[in-house]
There are 2 protein chains.
Amino acid sequence: MNALGRHVLAEVYGCSFEILNDIDRVEEIMVQAALKAGAEVREVVFHKFSPQGVSGVVVISESHLAIHTWPELGYAAVDVFTCGERVNPWDACNYMKEMFEAEHVEAREVTRGIIEPPQRTAVNI
Amino acid sequence: MNALGRHVLAEVYGCSFEILNDIDRVEEIMVQAALKAGAEVREVVFHKFSPQGVSGVVVISESHLAIHTWPELGYAAVDVFTCGERVNPWDACNYMKEMFEAEHVEAREVTRGIIEPPQRTAVNI
């Protein structure tokens with residue numbers, strides 16, 4: 001068995017309203033998180049909601065980083081999906097925790113894409 | 001306790017190379033999956049890799065749909081994150097399974113953003 005990717009889902013609590021509601025700041029942190037983890041950024045898209053909240057995604061060569069913020073609750077839902085051995089999704093998560101000045105993070109890692117190896121055929125020799 | 005969102009992670013196996021490697025087709029399926037589930041599409045970004053593979057995200061008012069495809073393995077990693085009661089992430093997943101002509105899907109739902117209610121203060125009266 002071989003897994004294609006690692007997907008970290010992080011509940012980020014206790015952040016400041018101002019940071020979570022600032023689309024430019026959130027985008028900057030997410031892009032920097034990708035770069036700090038050694039990922040290659042391909043596409044960036046962020047959206048500001050009214051009256052508050054930001055959603056956005058950084059598509060990387062190794063998959064993606066996504067965030068949705070609830071500034072009024074001091075909460076952000078983050079997920080970081082990476083494939084390959086080179087980029088560690090936890091590096092991005094740890095950077096985000098620091099930059100969002102989070103009081104508390106609960107995160108779990110989910111293995112993605114379990115591919116079975118080709119069946120070996122028994123041969124009489 | 002109150003959960004803000006539902007995040008479905010789906011391993012989509014046994015799809016055709018052609019569909020998974022066609023960026024326009026993958027984007028169309030993902031956008032339609034969002035709409036079929038009743039979501040409001042805000043941003044759409046897709047990227048084609050060389051020699052094969054597509055990554056993309058549909059940002060919706062209710063969070064996001066993301067996909068990464070490995071056409072050579074017939075595999076796509078999909079995740080659908082929705083907040084609120086109105087949109088059911090499984091509706092989007094079921095539509096995608098059908099449109100990608102998947103042989104087999106393994107999916108799990110993760111509850112996101114558990115927010116504790118305000119603490120009640122005991123008062124002596």
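Modeller: Let us begin with burial: a residue counts as buried under 20% relative accessible area, as exposed over 50%, and as partly exposed in between, using a 1.4 Å probe and protein chains only. This is a predicted model, in which local features need pLDDT of at least 70 and side-chain atom pairs count only at pLDDT 80 or more, while totals for chains, interfaces and linings use all residues. Residues are numbered from 1 along each chain as its sequence is written, chains are lettered from A in the order in which they are written, and side-chain values use heavy atoms, with hydrogens and water left out.

Colleague: Is A:His64 buried or exposed?

Modeller: A:His64 has a relative accessible area of 0%, and therefore it is buried. A:His64 sits in strand β4 (residues 63-70) of chain A, where a strand is a DSSP run of E with at least two residues, numbered from the N terminus.

Colleague: Which residues are in contact with A:His64?

Modeller: Contact means heavy atoms within 4.5 Å. Beyond its neighbours within four places in sequence, A:His64 is in contact with residues including A:His7, A:Val57 and A:Asp79, and also with B:Ala66, B:His68 and B:Asp79 of chain B. A polar contact is a pair of N or O atoms within 3.5 Å; within protein, one must be able to donate a hydrogen and the other to accept it, and residues adjacent in sequence count only if both atoms are side-chain atoms. One such contact, of 2.7 Å, links the side chains of A:His64 and A:Asp79.

Colleague: What does UniProt list for A:Ser63?

Modeller: An unreviewed UniProt entry lists A:Ser63 under "modified residue: Pyruvic acid (Ser)", and such annotations may be inferred rather than shown by experiment. In the model, A:Ser63 lies in strand β4 of chain A and is buried, with a relative accessible area of 2%. Leaving out residues up to four places away in sequence, A:Ser63 touches residues among them A:Val58, A:Phe81 and B:His68.

Colleague: How many residues of chain B are in contact with chain A, and how is the size of an interface often given?

Modeller: The size is often given as the accessible area lost when the parts come together. Here, 36 residues of chain B are in contact with 36 residues of chain A. The buried area, which is the accessible area (1.4 Å probe) lost by two parts on being put together and summed over both, is about 2900 Å² between chain B and chain A, with carbon and sulfur atoms giving 68%.

Conventions: Helix = DSSP H or I, 4+ residues; strand = E, 2+ residues; numbered from the N terminus.
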